[in-house]
Amino acid sequence: MQAIRQCSACARHAVGGLVRNQDVSLLQRRSASSIRYLSTCENRRSGVQKPGELTNPTHISLASLSVGHGLWQVEDLSHNSLIRRAASVLTDSSSTFLSQATLALTEALTDYSKAVHSRITFQKRYLASLGKMSPSEEESLRRAISGWRAEAAERLNECKHYDSTWINAVNISKMAAEAAYSSGAHQASILVQTNIQVAQSQVEEARKLSAEADKKLAETKVEEIQRMAEYNAFLDGNEHEVHEAYLRED
């Protein structure tokens, strides 16, 4: 009987210990949850984000938008700043205009020089072959000379047209450089002045080549006059000899 009472007491003691252990575990879980909750609240108030939140696209977009808005706020929109920007745009446009006009003029001058040299080549060939060609060969050379003469004249008209455009482009670029300098856009002004110098150098070189072609053409014309005079004198002499021989036969 006493053993039974001792067993009952042991059972109650074990059950009581189990209940107390469960209560302690429950209290520990609740305490941990409370600590996590308080930590989260504190982080939110202090602006600290979890690593996962930093990669959230919504947070990134909002941050970018906020930064962009801040840039607009600090951007200099004063009159002087806007004038400098406009002057820079003007220098860019004038440089593009000058570049295109320079390219057109230099190509026209180069094509003119080529046409003149081609005409000189065929003209010298014709003069060297006087009296030695068949009628068809002589006609072919004359056509080639005439064709290159027309080609040179057409290219010369293009040179005059683009030369006028190029002069306007240079003047506009000079005014743009002055405007940029006076507005404070010194770097843009220096860049345009450099572009003007480069364009002038390129056009000067192309004009030098065309001038040399014109000089050679003038020399060829003088040679042509002399050669034709000699050839005509030769023909007149032959006709005179034929006439004297005819008279002797009579």
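Trainee: What share of the 250 residues counts as buried?
Mentor: This is a predicted model, where local features need pLDDT of at least 70, side-chain atom pairs count only at pLDDT 80 or more, and totals for chains, interfaces and linings use all residues. Residues are numbered from 1 along each chain as its sequence is written, and side-chain values use heavy atoms, with hydrogens and water left out. Buried means under 20% relative accessible area, exposed over 50%, partly exposed in between (1.4 Å probe, protein chains only). Of the 250 residues, the buried share is 22%.

Trainee: Which helix has the lowest mean pLDDT, and which the highest?
Mentor: pLDDT is the predictor's confidence in each residue, from 0 to 100. Helices (H or I, at least four residues) and strands (E, at least two) are DSSP runs, numbered from the N terminus. The protein has 6 helices and 0 strands. The lowest mean, 39, belongs to H3 (residues 57-74), and the highest, 94, to H5 (residues 135-183).

Trainee: How many contacts beyond four places in sequence does the model have for residues 1-28?
Mentor: Contact means heavy atoms within 4.5 Å. Over residues 1-28, pLDDT stays under 50. The number of such contacts there is 1.

Trainee: Which residues does Trp166 contact, leaving aside neighbours within four places in sequence?
Mentor: Trp166 is among the residues with the most contacts inside the largest core. Its partners are Leu98, Ala101, Thr102, Leu105, Ala199, Gln200, Val203 and Arg207.

Trainee: Is Ser183 buried or exposed?
Mentor: Ser183 lies in helix H5. Not counting residues up to four places away in sequence, Ser183 touches Ile83, Arg84 and Ala87. With a relative accessible area of 15%, Ser183 is buried.

Trainee: Where is Phe97 placed?
Mentor: Phe97 is partly exposed, because its relative accessible area is 32%. The place of Phe97 is in helix H4 (residues 79-128).

Methods. Core = buried A, V, L, I, M, F, W, Y, C linked by side-chain atoms within 4.5 Å.
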